[in-house]
Amino acid sequence: MKKLAYIFTLMLLVAACSGSDDSGNGSGSNGTPDNYNRAAMQTNLADNIIIPRFQDLKTGLETLATVGDTFTATPNQANLDNLRAAFVNAYKDWQLVEPFNIGQAEVLQYSFQMNVYPTTTADIEANIANGTYDLTAVGNNDAVGFPAVDYMLHGIAATDTEILNKYATSNYATYLTDLIAQMNSLTQTVLTDWTTNYRAVFISSTSNTVSSAVNKFINDYIFYYEKGLRANKFGIPSGVFSSGPLADKAEAVYNGTISRDLSIIALDNVQNIFNGKATSTSPTGDGFYNYLIELDRADLAELINTRIDNARQKIQVLNADLKTQVETDNTKMTEAYDALQLVVVSFKVDMLQAFNVSVDYVDADGD
């Protein structure tokens with residue numbers, strides 16, 4: 001009888017666990033059923049935020065290619081200035097899609113081919129000298145994308161006259177054209193998949209499982225904030241993870257004027273996604289904020305917005321060039337990092353607990 005009772009109890013436990021794993025939405029942090037309409041949230045994210053941002057980036061990259069062709073055909077100061085302006089606009093567009101490492105973006109390792117910095121100038125120069133290269137190869141991840149274009153437009157020589165001479169007499173024009181073409185091709189592939197295939201998958205995959213699109217997106221969003229924004233833009237250059245500051249590891253170091261603005265755009269985007277908005281002035285749709293409200297966690301929803309606002313204030317007072325900020329007053333950089341870190345705690349611990357979603361990535365930076 002004891003054996004039969006044990007078997008019966010075990011069967012009940014297995015059934016209970018199975019029921020929990022297969023539930024559509026899981027449960028909130030207090031164990032109550034989670035009835036939030038995840039499909040509505042995913043639809044708003046896909047249709048009003050993700051796909052339009054990829055479309056904007058594709059337009060920006062097409063402009064960059066057109067202006068680039070004009071420059072390589074006639075490398076003069078006016079065309080260089082126009083190309084640099086198009087580069088800045090496209091780099092700003094990139095900040096708005098970098099969190100979306102899901103679908104084909106994950107398959108292609110899109111972000112690794114678009115924004116690995118610092119770029120390795122020796123690899124770029126070797127590719128140019130050799131004249132043959134595979135820009136899609138993993139070994140070239142640090143020689144492609146926006147950081148490589150930044151170097152090509154601002155860093156290949158000490159003066160603009162010398163930069164123009166490089167394009168008039170060597171293979172630099174070919175490499176620049178190939179870089180931009182590769183960025184365009186990758187972006188088109190990701191965008192096409194969203195509009196023809198992955199949108200339907202994304203909207204329908206709402207169960208509370210490790211492999212569901214909604215849970216993967218929540219994790220990717222937090223991972224981007226923690227690593228792509230907090231660590232890469234602030235923690236690494238300011239020396240949080242090393243024995244001293246590493247100013248040269250800041251973003252857009254060769255341009256030297258936009259790294260702070262890129263980080264603010266990135267932070268604004270994180271907040272807008274959280275609030276279910278395409279831009280700061282757009283109507284509010286379903287997002288993580290609404291999800292927390294549904295779970296009776298208005299306190300956490302408000303705290304996250306407050307902490308993001310506080311972090312923005314710390315960033316806004318920094319030098320326009322974060323490399324220069326590290327070199328002149330690194331304390332302000334670490335203060336910005338500390339403010340950003342408070343948001344990590346709210347996202348990675350409190351929000352995930354409220355959503356009953358587990359972290360699906362390994363934290364390796366020691367924080």
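These legends walk you through a few close-up views of a predicted model.

**View 1. Confidence along the protein chain.** The protein chain has a mean pLDDT of 91, and 90% of its residues reach 70 or more. Residues 1-24 are another matter: there the pLDDT stays under 50, and the model gives this stretch seven contacts beyond four places in sequence. Residues 27-32 also have a pLDDT below 50, with 14 contacts beyond near neighbours in sequence. Where pLDDT is low, the predicted coordinates should not be read in detail.

**View 2. Helix H9 and its bend.** Follow helix H9 through residues 172-204, a run of 33 residues. From first C-alpha to last, H9 reaches 46 Å, close to the 48 Å expected at 1.5 Å a residue. Look for Tyr198 along the way: H9 bends there by about 65°.

**View 3. The largest pocket and its centre.** Here you can look into the largest pocket, which holds about 570 Å³ of space. Its lining is made up of 22 residues, and those closest to the centre are Ser111, Phe112, Phe223, Lys227 and Asn232.

**View 4. What lines the largest pocket.** Now turn to the helices around this space. Helix H5 (110-114) and helix H10 (213-238) each supply at least two residues of the lining of the largest pocket. H10 gives the largest share, eight residues. Sorted by class, the lining has nine nonpolar, six polar and seven charged residues.

Definitions and conventions:
Residues are numbered from 1 along each chain as its sequence is written. This is a predicted model: local features need pLDDT of at least 70, side-chain atom pairs count only at pLDDT 80 or more; totals for chains, interfaces and linings use all residues. Side-chain values use heavy atoms; hydrogens and water are left out. Helices (H or I, at least four residues) and strands (E, at least two) are DSSP runs, numbered from the N terminus. The expected span of a helix is 1.5 Å times one less than its number of residues. The bend at a residue is the angle between axes fitted to the seven residues ending there and the seven starting there. On a 1 Å grid over the protein atoms alone, a cavity is a set of points where a 1.4 Å probe fits but cannot get out, and a pocket is an open set with protein on both sides within 12 Å along at least five of seven lines; lining residues have an atom within 4 Å of a point. Grid points are joined across faces, edges and corners, and a volume is the space filled by probe spheres set on the points. Ala, Val, Leu, Ile, Met, Phe, Trp, Tyr, Cys and Pro count as nonpolar, Asp, Glu, Lys and Arg as charged, and the others, Gly among them, as polar. pLDDT is the predictor's confidence in each residue, from 0 to 100. Contact means heavy atoms within 4.5 Å.
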